[in-house]
Amino acid sequence: MEKVLEVRELKVDLKRDEHRREIEILKGVEFSIGKKESLALVGESGSGKTLTAMAIMRLLPENISVKKGEVLLCGMNILKMSQKELRDVRGLKAGMIFQEPSSYLNPVFTVGNQIYEAIKDTSLSVKEKKKRCIDVLKDVGLTEEIYYRYPHQLSGGQQQRVMIAMALVNNPSLLIADEPTTALDVTTAAGIIELLKVLMERYGLSLLFITHDISLASNFVDKIAVMYAGRIVEIANAKIIMDTPLHPYTEKLIACLPEKYNPGENIKTIEGSVPDFHSPPSGCPFHPRCPYVMNICRKSEPPVIMKDGVIVRCFRYGMPVET
Ligand code: SF4
């Protein structure tokens with residue numbers, strides 16, 4: 001399958017802590033997304049999901065930098081591009097939407113103005129650009145009238161639809177959606193997910209969907225990659241991962257879903273917390289929370305194992321080869 005996004009061995013460092021050390025916060029993230037394919041990056045807050053998306057779009061804050069790896073978007077290495085090349089690629093090849101649309105819309109310009117300014121095709125006339133804006137507004141389920149409104153005149157769901165319109169106005173190959181429904185009520189969130197499904201088909205889009213909700217993701221993406229402490233610990237087809245999770249962290253994430261409760265049962269959580277990047281545990285970063293922990297887990301990092309089409313990082317599925 002033709003690849004739209006390939007992330008290879010991506011390592012990201014936080015430049016300095018108070019002891020002037022560099023701290024590795026993404027530790028060799030690897031995954032790929034094919035044409036018209038969707039992948040969800042799933043994990044608790046602090047697992048590195050948003051950081052991965054920011055690194056892909058080269059939107060990392062100044063104190064965080066990519067140390068190693070490649071990010072190929074439609075075959076072009078994003079990490080090697082000049083700022084000008086990057087500006088062209090953002091929007092044209094990949095669009096991004098975020099959790100809080102109100103923070104990304106400019107309150108002093110109309111919606112139409114902001115979508116119009118996002119159009120990169122300089123060959124279009126003013127009239128053609130305006131038509132493109134109105135067409136894309138209709139594609140995201142809004143009316144022409146929204147073109148003339150200011151962001152504060154819209155609901156949260158309408159604002160998120162405007163963000164999606166801006167991300168799609170240049171017909172990109174990839175949409176990156178970072179927790180796009182977290183700030184919305186359940187019904188509005190469901191509407192946004194339905195919209196994403198329709199738009200993927202209509203625009204031939206590939207999707208990188210970032211969420212803490214593995215159940216939500218499994219309902220509409222092709223593949224799920226589970227992140228923990230700056231690493232991907234399991235990647236598989238969404239149905240396979242939900243039916244037969246291999247990594248103990250994935251197993252716990254699924255066991256804690258509300259739909260898994262029996263009547264009268266207490267809410268389940270994963271005991272402990274995501275490790276602090278400043279003082280990670282030795283060996284497998286999940287070992288302080290893992291019910292299957294073995295001695296080796298406290299000493300060594302588990303290898304990446306391929307098992308029945310699933311990629312998993314855990315000693316339960318293979319031990320290092322003795323040399
Ligand atoms: Fe648990 Fe060990 Fe697997 Fe880590 S490597 S998830 S501690 S069994």
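## Helices α4 and α5

In this predicted model, helix α4, spanning residues 111–118, and helix α5, spanning residues 126–139, have axes that cross at roughly 110° and come within 9 Å of each other. Because angles of 65 to 115 degrees count as roughly perpendicular, α4 and α5 are therefore described as roughly perpendicular to each other. The handedness of this crossing, in which α4 passes α5, is right-handed.

## Helices α6 and α7

A second pair is formed by helix α6, which covers residues 156–168, and helix α7, which covers residues 186–203; their axes come within 10 Å and cross at roughly 20°. The crossing of α6 and α7 is right-handed.

## The ligand and its surroundings

The ligand takes up the space that forms the largest cavity. Around the ligand lie H247, P248, C284, F286, H287 and C290, together with Y292, C297, P302, C314, F315 and R316.

By residue class, the shell around the ligand consists of 9 nonpolar residues, 2 polar residues and 1 charged residue. The cysteines C284, C290, C297 and C314 are among the residues around the ligand, and under the classification used here Cys counts as nonpolar, as do Phe, Tyr and Pro, whereas Arg counts as charged.

Key:
Residues numbered from 1 in each chain as written. Predicted model: local features only at pLDDT ≥ 70, side-chain atom pairs only at ≥ 80, totals over all residues. Heavy atoms only, no water. Near = heavy atom within 4 Å. 1 Å grid on protein atoms, 1.4 Å probe; cavity = no way out; pocket = protein on both sides within 12 Å on 5 of 7 lines; lining within 4 Å. Sits in = over half its atoms within 2 Å of the grid points. Axes fitted to C-alpha atoms, helices over the stretch in contact; angles between N-to-C directions. Helix = DSSP H or I, 4+ residues; strand = E, 2+ residues; numbered from the N terminus. Parallel < 35°, antiparallel > 145°, perpendicular 65-115°, else oblique. Left-handed = near helix turned anticlockwise from the far one by under 90°.
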